[in-house]
Number of protein chains: 2
Amino acid sequence: MVARTGIELDGVQARTGGRSARVREAVLSAVRQELMEDGYAGLSHIAVGRRAGVDPATVYRRWPSRSRLAVDAIIELAENAVPLPDTGQLESDLMALHKSVSALLADERTLRLFQAFSAASIEQDPDVSEALRAFWRRRISAATVVFDRAADRGEIERPRRPGELIEQLVAPIYFRALVTRAPLDRHLTNHSVARVRSLVPM
Amino acid sequence: MVARTGIELDGVQARTGGRSARVREAVLSAVRQELMEDGYAGLSHIAVGRRAGVDPATVYRRWPSRSRLAVDAIIELAENAVPLPDTGQLESDLMALHKSVSALLADERTLRLFQAFSAASIEQDPDVSEALRAFWRRRISAATVVFDRAADRGEIERPRRPGELIEQLVAPIYFRALVTRAPLDRHLTNHSVARVRSLVPM
């Protein structure tokens, strides 16, 4: 796995395959393990450094706070775990996207990561908040490519506010996983996709 | 304020105005204060008892775990802070509902409560998980009264799966507040209401 987030909170750009990228990968992977086992409350630079085989001073230097560690680790996961589908049809693209996000959040360990993400995001660190917002803006905007492709194929008219349709599609998954604990099942996928599909002008 | 949740995890039914109800109110209010100040990680029966002026042994007896304390405190808040609207028109009912939930989650202190709620919900306590699920099923089901009333007025046809429409309406608020940190503004309210309204058969 290659560092792909493009968000380097300390301003150092990781080079694919370089030592810096290897350290980054080892650290962020260790952060995810720690968060899955102990949650955000238990996260520490020392434990992360020990698990990653990286000098804690290096961890502190590149990620000066726990919230930066958590946010970077989870951004990388979200980017890699939810690929953008290209099935040749809007409905199956929306279905694939919904299923990927559902699968990600159905895993209790991953869910802990997102709760850490949420806890980190409200700490008073403007850099972290802005990195988080920028990540999601970029991520949601990237997913709207499914509407662009469908419009290019003549399947639909290009919708206004396509990003809000992506939110409408995936928000109920997060709502159920993080709040109501209702099931993430194929009914939710089928009905959500049908509703969002019906919101797009033909 | 009267205990209204109907969920008494220890099986004791609070009597309005009785000592039991007063203890319950003092304790749950103290839990909310503690959660807002220190989050879930800092919640303790002793601190809650001290703040509420209640013997910690009583707090332990009625709420044997931190997660039960947190869940009961937040259920009570959610019930009281989001009244079910009855404006005489579906669109303005949906608007009022969306605005109440947005206002609740726009407050950073309340947001901490919901993060605690989320953290509590994944702990391995089946009673808590079930109380939480039951609360949300009941709460979402109660909100579908806005569709029933609109159908009774002849404004719309009664929709299938009205609970999922309520989820479609409010889930993006939780998604933004807990995950993406995008703004909870009037654009979100207006567009979300318009989309959900358009999903209801006329």
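How many residues does the contact take from chain A and from chain B? The answer is 34 residues from chain A and 34 residues from chain B, where contact means heavy atoms within 4.5 Å.

Some ground rules. This is a predicted model, in which local features need pLDDT of at least 70, side-chain atom pairs count only at pLDDT 80 or more, and totals for chains, interfaces and linings use all residues. Residues are numbered from 1 along each chain as its sequence is written, chains are lettered from A and ligands numbered from 1 in the order in which they are written, and side-chain values use heavy atoms, with hydrogens and water left out.

Back to the interface. Chain A and chain B bury about 3500 Å² between them, with 56% of that on carbon and sulfur atoms. Buried area is the accessible area (1.4 Å probe) that two parts lose on being put together, summed over both. There are four salt bridges between chain A and chain B, a salt bridge being a side-chain nitrogen of Lys or Arg within 4 Å of a carboxyl oxygen of Asp or Glu. A:R195 forms a salt bridge with B:E164, and their closest N and O atoms are 3.0 Å apart.

Now the helices, which are DSSP runs (H or I, at least four residues) numbered from the N terminus. In chain A, the axes of α1 (residues 19-38) and α4 (residues 66-81) come within 9 Å and cross at roughly 100°. Axes are lines fitted to C-alpha atoms over the stretch in contact, and angles run from 0 to 180 degrees between N-to-C directions. α1(A) and α4(A) are therefore roughly perpendicular to each other. For the angle words: under 35 degrees is roughly parallel, over 145 roughly antiparallel, 65 to 115 roughly perpendicular, and the rest oblique. The residues of this contact divide into nine nonpolar, no polar and four charged. Nonpolar means Ala, Val, Leu, Ile, Met, Phe, Trp, Tyr, Cys and Pro; charged means Asp, Glu, Lys and Arg; the others, Gly among them, are polar.

In chain B, helix α5 (residues 90-106) and helix α10 (residues 186-199) pack at an angle of about 135°, their axes 9 Å apart. That makes α5(B) oblique to α10(B). Residues making the contact include B:L94 and B:H98 of α5(B) and B:V193 and B:R197 of α10(B). By class, the contact of α5(B) with α10(B) has six nonpolar, five polar and three charged residues.

Last, α1 (residues 19-38) and α2 (residues 45-52) of chain B: their axes come within 8 Å and cross at roughly 120°. That makes α1(B) oblique to α2(B).

Terms used: Helix = DSSP H or I, 4+ residues; strand = E, 2+ residues; numbered from the N terminus.
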